[in-house]
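Me: I would like to go through the charged pairs in this model. Could you take me through them one at a time?

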Amino acid sequence: MKNRDMTRLALVKAAGGAEPAAVPAGGRDAEAARPRAPVDRPRLERMFTAHHALVWRTLRRRGLDADAAADATQQTFLVAAERLPDINHDSERAFLVGTALRVAFSWGRKTVRWQLDEDMDQRAAVRRDVLDEQTAIQLCDLALSKVDPELAEIFVLFELEDLTSPEIAALLEIPLGTVASRLRRAREQFRMVVGRIELAMRREGNA
């Protein structure tokens, strides 16, 4: 994938970047002037390979188009490259998702908008006899688009991206009890929406 390769190239450059230039007297303090520690390039590469798709998917679900999501994915991994020594090995995925959410927010996407094709429901109904994985994903996104965005975000992170409740609470900076409450309501709304979609498809099939 072209965008994936460009992101990987940017990370390689960031990992092998030159040390900062000397700071003139009266400039930044001595701490800021110290050369940065070398980036652990093998670890960064492993993170990229393992989580690139997750980060891109997270950004797409937050409303960025494909090109913007690719740029924001690159920005997310560049932040990770700078913060790598501070990221616990067992928290890499959570860090990347949280960073991606903040990047999406900083791009002015303050309202979650699920990416859907306008005729997705019609096409899914036509293909109901050959329901493949792609159609199932489209139907899932169609259902999620009709769930309250605040609840849908919790649903996606927990059910689809396999983040734990404590990870989600830390990412979204909300109490753990709020995560549990929103997840319960999200599941209820999702089941109701899926039921309506299935009913509509059955009615169309019997028409």
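This is a predicted model: local features need pLDDT of at least 70, side-chain atom pairs count only at pLDDT 80 or more; totals for chains, interfaces and linings use all residues.

Me: How many salt bridges does the structure hold?

Reply: There are 6 salt bridges in the structure. One of them joins Arg-57 to Glu-161, with 2.8 Å between the closest N and O atoms.

Me: Where do Arg-57 and Glu-161 lie?

Reply: Arg-57 belongs to helix α3 (residues 41-61), while Glu-161 sits in the loop between α8 (149-160) and α9 (165-172), so the pair ties together parts 104 residues apart in sequence.

Me: Is Glu-161 buried or exposed?

Reply: Glu-161 is buried, at 6% relative accessibility.

Me: Moving on, which residue does Arg-93 meet in a salt bridge?

Reply: Arg-93 pairs with Glu-167, at 3.7 Å from N to O. Arg-93 is in helix α5 (residues 92-106) and Glu-167 is in helix α9, so this contact links parts that are 74 residues apart in sequence.

Me: And why does Glu-167 count as buried?

Reply: Glu-167 has a relative accessibility of 18%, and buried means under 20%. Arg-93, at 25%, is partly exposed.

Me: What about Glu-150; which residue is its salt-bridge partner?

Reply: The partner is Arg-182, and their closest N and O atoms are 3.5 Å apart. Since Glu-150 lies in helix α8 and Arg-182 in helix α10 (residues 176-206), the pair ties together parts 32 residues apart in sequence.

Me: What is the relative accessible area of Arg-182?

Reply: The value for Arg-182 is 15%, which places Arg-182 among buried residues. Glu-150, with 43%, is partly exposed.

Definitions and conventions:
Residues are numbered from 1 along each chain as its sequence is written. Side-chain values use heavy atoms; hydrogens and water are left out. A salt bridge is a side-chain nitrogen of Lys or Arg within 4 Å of a carboxyl oxygen of Asp or Glu. Helices (H or I, at least four residues) and strands (E, at least two) are DSSP runs, numbered from the N terminus. Buried means under 20% relative accessible area, exposed over 50%, partly exposed in between (1.4 Å probe, protein chains only).
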